[in-house]
Amino acid sequence: MTAFDRRTILGAGAATALGGLTGRRARAQAANTIRLGLLTDMSGPYRDINGPGALACAKLAVQEFNANGFNVDVVAADHQNKPDVALNIARQWFDRDGVDMVFNIAASSVALALAELVKEKNKVSIATSTATSDLTGKACTPNTIHWVFDTYMCAKSTGSALVKAGGDTWFFVTADYAFGHSLERDTARFVQEAGGRVLGTARTPFPATSDFSSFLLQGQSSRAKVIGLANAGTDTINCIKQAAEFGLTRRGIKLAALLMYISDVHSLGLQTAQGLVCAECFYWDLTDRTRAFDRRVRPSMGGVPAGMAQAGDYSLVLHYLKAVAQMGVPAAKASGAETVARMKAMPTDDDAFGPGLIRQDGRKIHPAYLFEVKKPE
């Protein structure tokens with residue numbers, strides 16, 4: 001078994017394997033099959049906010065779409081948050097395996113590298129768990145869509161709110177790669193526009209850091225009122241736990257989790273997470289529609305609710321398949337750019353996010369909410 005095979009997880013969509021089919025029949029079925037590639041973190045710091053849960057949500061979308069007239073196949077792979085690994089997998093998917101669209105993506109460094117490849121191959125890339133706003137800025141292409149959230153949204157929602165509440169001096173603990181840099185940059189902008197000041201930054205190696213104590217103590221020494229955590233997943237969880245151990249919040253320092261998911265709150269527990277503020281685009285108990293979606297997907301999520309990126313995987317797969325149905329499989333397979341253009345021309349609507357639209361720069365638009373974690377009592 002090759003290293004690639006070990007990283008690859010096949011998810012059954014609505015397609016029949018082609019191995020037992022001969023010649024003409026196999027080619028005909030392949031030509032009538034849309035293949036989706038979930039490229040994500042299955043084993044690292046972003047596993048819980050993506051991973052198997054993202055695959056479960058994508059499969060539910062395929063099942064509920066119930067394509068008539070064409071087949072849908074889903075494959076998944078772990079890119080280990082490494083752009084070179086992700087590009088090797090994606091090239092094999094496009095050149096050998098007939099994958100038409102890759103999604104989720106996770107790490108911003110991976111999404112930025114992938115943007116050029118999908119443009120070159122005229123395929124489609126849709127990021128749901130990627131944050132950098134550069135995807136709709138300097139790295140924008142006709143073949144990419146940014147679906148759930150971005151650093152602009154997280155920064156404006158959380159940064160502006162905390163400055164208005166008195167948190168006017170900031171120190172950042174930042175994951176040292178494209179995502180962390182983008183989140184710090186965008187948040188610093190909104191902090192300064194609101195009248196606040198940035199007193200310093202500590203860059204943490206990614207994904208090789210689990211002990212954040214020295215970085216947090218630098219934040220304490222800066223005398224900043226707010227320590228902004230420009231990271232995500234287990235990095236955010238570890239930072240918050242270690243800050244609690246050092247008693248930073250008891251000393252009056254506010255922690256700003258600039259990208260936090262409901263799964264992070266569950267991992268921390270209310271005693272540790274209480275009072276944290278976070279921006280989210282999806283919460284399972286928000287509306288009748290989100291509760292209905294939760295009832296359908298939670299059994300395949302191991303009994304836990306989906307996070308916003310995982311809900312985004314459900315939402316984007318539904319919309320993509322609707323566009324394919326309108327265009328026809330041959331046209332969708334022939335041009336990723338034309339498929340993206342069709343998706344932009346159609347309004348979006350699903351139980352996870354409700355009505356929305358896709359901007360011309362590829363940013364998917366829907367409401368965002370600012371939440372505060374409740375107290376245990």
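Mentor: Two bridges join strand 13 (residues 354–358) to strand 14, and the two run antiparallel. Strands here are DSSP E runs of at least two residues and helices are H or I runs of at least four, numbered from the N terminus; two strands pair if DSSP finds at least two bridges between them. Keep in mind that this is a predicted model, where local features need pLDDT of at least 70, side-chain atom pairs count only at pLDDT 80 or more, and totals for chains, interfaces and linings use all residues. Residues are numbered from 1 along each chain as its sequence is written, and side-chain values use heavy atoms, with hydrogens and water left out.

Trainee: Which residue in strand 14 is the bridge partner of Ile358?
Mentor: Lys364.

Trainee: And what order do the strands of the open sheet come in?
Mentor: Three strands, 12-13-14, with antiparallel pairing. Strand 12 (348–350) and strand 14 (364–365) are the edges, each pairing on one side only.

Trainee: Switching to helix 3: how many of its residues are buried?
Mentor: 11 of 15, so helix 3 is mostly covered; buried means under 20% relative accessible area, exposed over 50%, partly exposed in between (1.4 Å probe, protein chains only). Among the buried ones are Leu55, Cys57 and Phe65.

Trainee: What follows helix 3?
Mentor: Asn66, with a positive phi near 50 degrees.

Trainee: What about Arg91, where does that lie?
Mentor: In helix 4 (residues 83–95). Arg91 is partly exposed, at 36% relative accessible area.

Trainee: Which residues does Arg91 touch?
Mentor: Leaving out residues up to four places away in sequence, Arg96, Leu117, Glu120 and Lys121; contact means heavy atoms within 4.5 Å.
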